[in-house]
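I am opening a notebook on this structure. The entries follow the order in which I looked things up.

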Amino acid sequence: MLHRSKEKTLLYPIAVFQVELEEQIRKKEPGFFIFIDVDNFKSYNDTYGHNNGDLCLKHFAKAIQECFPEGSILGRYGGDGFVVYLKDVTKESVYIYMEKFQKMIADLTLATGEQVHLSASAGGAAFPEQGEDFISLCRSADAALYNVKQNGKAAFKMK
């Protein structure tokens, strides 16, 4: 059963995320690493301004904190990139969480009252099958993300 934490999970800077992930990896329990990128962020920023770009990133961060299950490791990779590590879930549930996430971020109301549509591209990698450490999981998930971006964006794919 998919569940949501009543309290927000922390969104770590990438260095802290890496330490938390490596600690989890040492336990040798399977999990899923996900790279999430805001689609068309540069054009969004250019069209609506940097203040609204910041609002967009905050909207994504809030959705990440509310969407993924308690115990997930969440981080900001930098720029418009986010990372998530899910543990104690099935591959099928990862796809369900990502579908829910897309719905949560889809609509944003700007300070002007204008409605904008947002989407994300994401790539995932399974531990340990597709990466046995932070770097190899990043590479595998990034390859899957690149594939999504080359094929229309607004989707999630596992390596």
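Is strand S4 largely enclosed by the rest of the structure or left open, and why? I am working from a predicted model. I went through the residues of S4, and six of the seven are buried, so the strand is largely enclosed by the rest of the structure.

**Entry: the sheet**

Next I looked up the sheet around S4. I found six strands in an open sheet, in the order S1-S3-S4-S2-S7-S8. The pairing is mixed. Strands S1 (11-13) and S8 (156-158) stand at the edges. Each has a single partner strand, so one side of each is left without a neighbour in the sheet. I also noted the twist, which averages 25° from one strand to the next.

**Entry: the pairs around S4**

I took the neighbours of S4 in turn. S2 and S4 run antiparallel and are joined by seven bridges.

Arg76 has Phe82 in S4 as its bridge partner. Gly78 has Gly81, again in S4. I then looked at how the two strands connect. S3 and S4 form a hairpin with two residues between them. In the turn, Gly79 has a positive phi of about 55°.

**Entry: towards the edges**

I followed the sheet to S1. Three bridges join S1 to S3 (residues 73-78), and the two run parallel. The bridge partner of Leu11 is Leu74 in S3.

S7 (residues 120-127) and S8 run parallel, joined by three bridges. Gly124 stands opposite Met158 in S8.

**Entry: a helix on the sheet**

Which strands does helix H5 touch? I found H5 (residues 134-150) packed on the sheet, touching S2 (31-38), S4 (81-87), S7 and S8. The direction of H5 makes about 140° with that of S7.

**Entry: cysteines**

How many disulfides does the count come to? I get zero, with a disulfide taken as a pair of cysteine sulfur atoms within 2.5 Å. I checked Cys56 as a case. The closest cysteine sulfur to that of Cys56 is in Cys67, 16 Å away, which is too far for a bond. A reminder to myself: a disulfide is a covalent bond between the sulfur atoms of two cysteines.

I also looked up burial, where the cut-off is under 20% relative accessible area. Cys56 has 0% relative accessibility, so I list Cys56 as buried. Cys138 has a relative accessible area of 9%, so Cys138 is buried too.

**Entry: a tyrosine beside a cysteine**

Is Tyr97 buried or exposed? I placed Tyr97 in helix H4 (residues 91-105). Tyr97 has 2% relative accessibility, so Tyr97 counts as buried. Tyr97 and Cys67 are 30 residues apart along the chain, and their C-alpha atoms are separated by 6.9 Å.

Notes. Residues numbered from 1 in each chain as written. Predicted model: local features only at pLDDT ≥ 70, side-chain atom pairs only at ≥ 80, totals over all residues. Heavy atoms only, no water. Pairing = 2+ DSSP bridges. Helix = DSSP H or I, 4+ residues; strand = E, 2+ residues; numbered from the N terminus. Axes fitted to C-alpha atoms, helices over the stretch in contact; angles between N-to-C directions. Contact = heavy atoms within 4.5 Å. Buried < 20%, exposed > 50% of the residue type's maximum accessible area, 1.4 Å probe, protein only.
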